[in-house]
Amino acid sequence: MKVITFLLHTKQPILVTSFQGNPNSDVSFSYIPGSVIRGLLISRYLQGCGLGKNDDILALPDVKRLFFSGESRYLNAYLYSGEQEKRTLPIPLSWLKIKDDKYSRYGEMNVYDFSYRCHDEDLSYKSLDESFCCTVDDDRDIILYQEGRHINIHNMRNRKKGKGIDGSGAVFRYDALSSGQTFQAAIICDNPNDVKKIKPLLEQSKVWLGGSQSAGYGYTEINNVQEFDDWSELGIDASCRGERELLRVTLLSDLILRDKWGHYIVNPEAELVTELLQEYLDVGLELQDSYTSTVLVGGFNRKWGLPLPQVPAFSAGSVLVFSYSGELKAEKILNLENRGIGERRVDGFGRVAINWLEELPYFRAKLLDDDVELEEAKLEAKSEDQKIAVKMAERLLSQKLDRLLLEKLDSLYFNPCRLTNSQLSRLMIVAQQSLAEKTKSPILELLKKLPRNANSQFEDSKLDGVSFKRRITEWLDNPSSWIGSQHLQVSISKSAPINQTM
């Protein structure tokens, strides 16, 4: 067996549509599917043979073995960790975090693996927000990764008029993988001689992947093509994973299974799942626990110009926990991990990992630490940009103060005593006048010149045990007495600081 690995650098957003979102939007996968990579190499192979997509490609002697038989498997391209210099993998669904736990980009947080231990029932847990992870050298620490997204709004145009018209002007959204990201893909070849035929197809670095390529999507560059004789998707020696109390199977890609009647299976308790694993590992298995989810899987056949059937499948990251009888042999584990199980393995489906991680109830997780330093925005004094920034700052400050004011009022207890509605109405009218004139003088003048009866009403009314009149006067004279000064200031940039204060 030989393996080819290579990096894909996205120079434009990539739109490889999954079955997410609503009919008016296309949402891309969080990775580049192996079927897309296989389709690219088939196209290049046929170009080298002088054939087109409408020709009978299976007439060529090597095509079926290279691209259709499953002897060569084209794995999904997942995010590449430059820090760890390896391909990331989907996060197991058995990993959860405490719901209210927070961590900064440079901080750490505990991630609990429920496949090893049931944790505190009094706490609320939730799934991780990230999509990929990779382990650090000691396998006790993990780094979490999240793919970047590029969202764009498009308007359907009439081909003749070049613009949207009645009946042909729908608005739709593309949620694509953003540019500037690096993914790593792998091709596993059972026949070592096939590497000599597949590897040259990767020499041309410029490539377009996915849909809407004429609209500025899909441009990608291939580089760092390498060839290995001994390669593992986990990068962990199988001999140290055989002696465990339980056997844990983690799906590294979506898994499509069908029983002997042709029915698709997405139930982890189905006998077929256990039987397949028993056959590959040559041990007795009994399912103890599972953490799974399902996903709809489809695709597109470029030769026929038709979509593939949509079928249910186990989603990547699903975890199955088994008790086992017998001996787990390293060669059996490697054979299962290299070949995979289920259907469409040629497209990277059915990838599994056996006893991937150490038997630990929790891990220390942190987000990827980006070393990119973003330049601060610079605004020229008295420029149009600065004027717009000032208006934005004023609106942001106003929203902050409104929110803080509502929170403050909710926390106060008001005892109106003998205060009449007419006095409150008078106070509200003067307050509106103060807001219009942007001065507190009208309110202070009103409180100062109140008649004896009205004054006693304001004095006898209490706001948290303090005279209503006195409390209003204190707040107007010293606004920061109930709002921290940090909430009364907004800075736009170092080059043109704009401070908004009351």
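Start by selecting S30, in the loop between β3 (25–28) and α1. Before you go on, know that this is a predicted model in which local features need pLDDT of at least 70 and side-chain atom pairs count only at pLDDT 80 or more, while totals for chains, interfaces and linings use all residues. Residues are numbered from 1 along each chain as its sequence is written, and side-chain values use heavy atoms, with hydrogens and water left out. The helices (H or I, at least four residues) and strands (E, at least two) are DSSP runs, numbered from the N terminus.

Is S30 buried or exposed? S30 is buried, at a relative accessible area of 17%; buried means under 20%, exposed over 50% and partly exposed in between, using a 1.4 Å probe and protein chains only. Now show what surrounds S30. Beyond its neighbours within four places in sequence, S30 is in contact (heavy atoms within 4.5 Å) with S131, F132, E147, R149, L177 and F183. Pick R149 from that group: 119 residues separate S30 and R149 in sequence, but their C-alphas are 8.7 Å apart in space.

Next, select residues 34–48, helix α1. Its 15 residues reach 21 Å from first C-alpha to last, close to the 21 Å expected at 1.5 Å a residue (that is, 1.5 Å times one less than the number of residues). Buried residues in α1 include I37, L40, L41 and Y45. Just after α1, stop at G50, which takes a positive phi of about 75°.

Jump to α7 (residues 421–437) and α8 (residues 441–448). Their axes are 7 Å apart and the helices pack at about 150°; axes are lines fitted to C-alpha atoms over the stretch in contact, and angles run from 0 to 180 degrees between N-to-C directions. The two helices are therefore roughly antiparallel (over 145 degrees; under 35 is roughly parallel, 65 to 115 roughly perpendicular and the rest oblique). On the α7 side, colour R426, L427, V430, A431, Q433, S434 and E437; on the α8 side, P442, I443 and L446.

For another pair, select α4 (residues 271–281) and α5 (residues 330–339), whose axes come within 8 Å and cross at roughly 130°. That makes α4 oblique to α5. Here L277, Y280 and L281 of α4 meet K332, I333, N335 and L336 of α5.

Finally, zoom out: the chain has ten helices and 29 strands, and 42% of its 502 residues count as buried.
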